[in-house]
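Work through the exercises below with the model open. Try each task before reading its solution.

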Amino acid sequence: MKKFLVACLAALCVVAVLPQALSAGIGFKGGLSLSKFAVEPADSIPFPIKSLTGPVGGIFFGAGLGPLSFQTEILYVRMGMKGTFEGSSVEYRLDYVQVPLLLKIRVIPAGPVRPIVYAGGYGSYRLKAKGVMTNGTDTETADLDDTFQKYDYGVLGGAGLEFKLPGILLSVEGRYNLGLANVIKDPGEGESGKNRSMMVLVGVGF
């Protein structure tokens, strides 16, 4: 959490020193992530993989000219997966600080409603990894820190709408994260697990 707060403070400092010719803004966004692992071989997980719903939230900073802009975000993101094994609910919860770097295009650069599309890459640092098994009212947790890598990276793309209001800019967007790193710490031969996630986000910018 300390690293997250330091990163947010650094982003605020960058805004203060930007050239005035640039259109710059900062804001907050949050939403939900539907994530699961893409695993190889397919039978390396002994149950059907389902999407895990988790929180997403953080700060963003953007700067650009006209319809083209660059955006950096610092987000808390939960990745992982869930399933059912021998009658018990199983969840793998991986919590990251994720930093996406995005190139964003406003399809309609002016007006009260502005469609946007964007693409870019991201890097993530894992804060914790936990396994949760629930059977009825009984819940067991396990520390999975030695099972998964600390770092992840990948590419992403998305689209949405911005709503220009007096003094603020509201946004609604959807995106897809395609993890490229094998997040399993000591994989066997031919074994891999990569993060996949769909996100729905709502933001407010200033």
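**Exercise 1: A surface patch**

Phe 70 lies in strand β3. The model is predicted, so local features need pLDDT of at least 70, side-chain atom pairs count only at pLDDT 80 or more, and totals for chains, interfaces and linings use all residues. Residues are numbered from 1 along each chain as its sequence is written, and side-chain values use heavy atoms, with hydrogens and water left out.

Task: Is Phe 70 buried or exposed, and which residues form the nonpolar patch on the surface?

Solution. 
- Step 1. Set the classes: buried is under 20% relative accessible area, exposed is over 50%, and partly exposed is in between (1.4 Å probe, protein chains only).
- Step 2. Phe 70 has 54% relative accessibility, so Phe 70 counts as exposed.
- Step 3. Accessible areas come from the Shrake-Rupley method with a 1.4 Å probe; for residues, only the protein chains shown count as cover.
- Step 4. The nonpolar patch consists of Leu 68, Phe 70, Leu 103, Ile 105, Val 107, Ile 108 and Val 117. Together they have about 600 Å² of accessible area.
- Step 5. β3 and β4 are the elements that each give two or more residues to this patch.

**Exercise 2: The chain as a whole**

Task: How many helices and strands are there in the protein chain?

Solution. 
- Step 1. Helices (H or I, at least four residues) and strands (E, at least two) are DSSP runs, numbered from the N terminus.
- Step 2. The protein chain has 1 helix and 9 strands.
- Step 3. Along the sequence, the pattern reads α-β-β-β-β-β-β-β-β-β.
- Step 4. Of the 206 residues in the chain, 40% are buried.

**Exercise 3: Salt bridges**

Task: Which residue forms a salt bridge with Lys 29, and which parts of the chain does the pair link?

Solution. 
- Step 1. Apply the rule: a side-chain nitrogen of Lys or Arg lies within 4 Å of a carboxyl oxygen of Asp or Glu. The structure holds 11 salt bridges.
- Step 2. Lys 29 pairs with Glu 173, with the closest N and O atoms 3.1 Å apart. Lys 29 is in strand β1 and Glu 173 in strand β8, so distant parts of the chain, 144 residues apart, are linked.
- Step 3. Lys 29 is buried at 6% relative accessibility. Glu 173 is buried too, with a relative accessible area of 6%.
- Step 4. Lys 29, Glu 73, Glu 173 and Arg 175 are linked in a network of salt bridges.

Task: Where do Lys 128 and Asp 95 lie?

Solution. 
- Step 1. Lys 128 and Asp 95 form a salt bridge, their closest N and O atoms being 3.9 Å apart.
- Step 2. Lys 128 is in strand β5 and Asp 95 in strand β4, so the pair ties together parts 33 residues apart in sequence.
- Step 3. Lys 128 is partly exposed at 43% relative accessibility, whereas Asp 95 is buried at 2%.

**Exercise 4: Pockets**

Task: Which residues lie nearest the centre of the largest pocket?

Solution. 
- Step 1. On a 1 Å grid over the protein atoms alone, a pocket is an open set of points where a 1.4 Å probe fits, with protein on both sides within 12 Å along at least five of seven lines; lining residues have an atom within 4 Å of a point.
- Step 2. The largest pocket holds about 490 Å³ of space, a volume being the space filled by probe spheres set on the points.
- Step 3. Its lining has 31 residues, and Gly 25, Lys 104, Arg 106, Glu 162 and Leu 169 lie nearest the centre.
- Step 4. Glu 162 and Arg 106 form a salt bridge, with the closest N and O atoms 2.7 Å apart. Both are buried.

**Exercise 5: Backbone exceptions**

Task: Where is Pro 41 found, and what is phi of Glu 86 near?

Solution. 
- Step 1. Most residues other than glycine have a negative phi, and most peptide bonds are trans.
- Step 2. Pro 41 is in the loop between β1 and β2. The peptide bond from Glu 40 to Pro 41 is cis, with omega near -10°.
- Step 3. Glu 86 lies in the loop between β3 and β4. Phi of Glu 86 is positive, near 50°.
- Step 4. Glu 86 is exposed, with a relative accessible area of 70%.

Notes:
Patches are made of residues with over 30% relative accessible area and no salt bridge: like charges are joined within 9 Å, nonpolar side chains (Val, Leu, Ile, Met, Phe, Trp, Tyr) within 5 Å.
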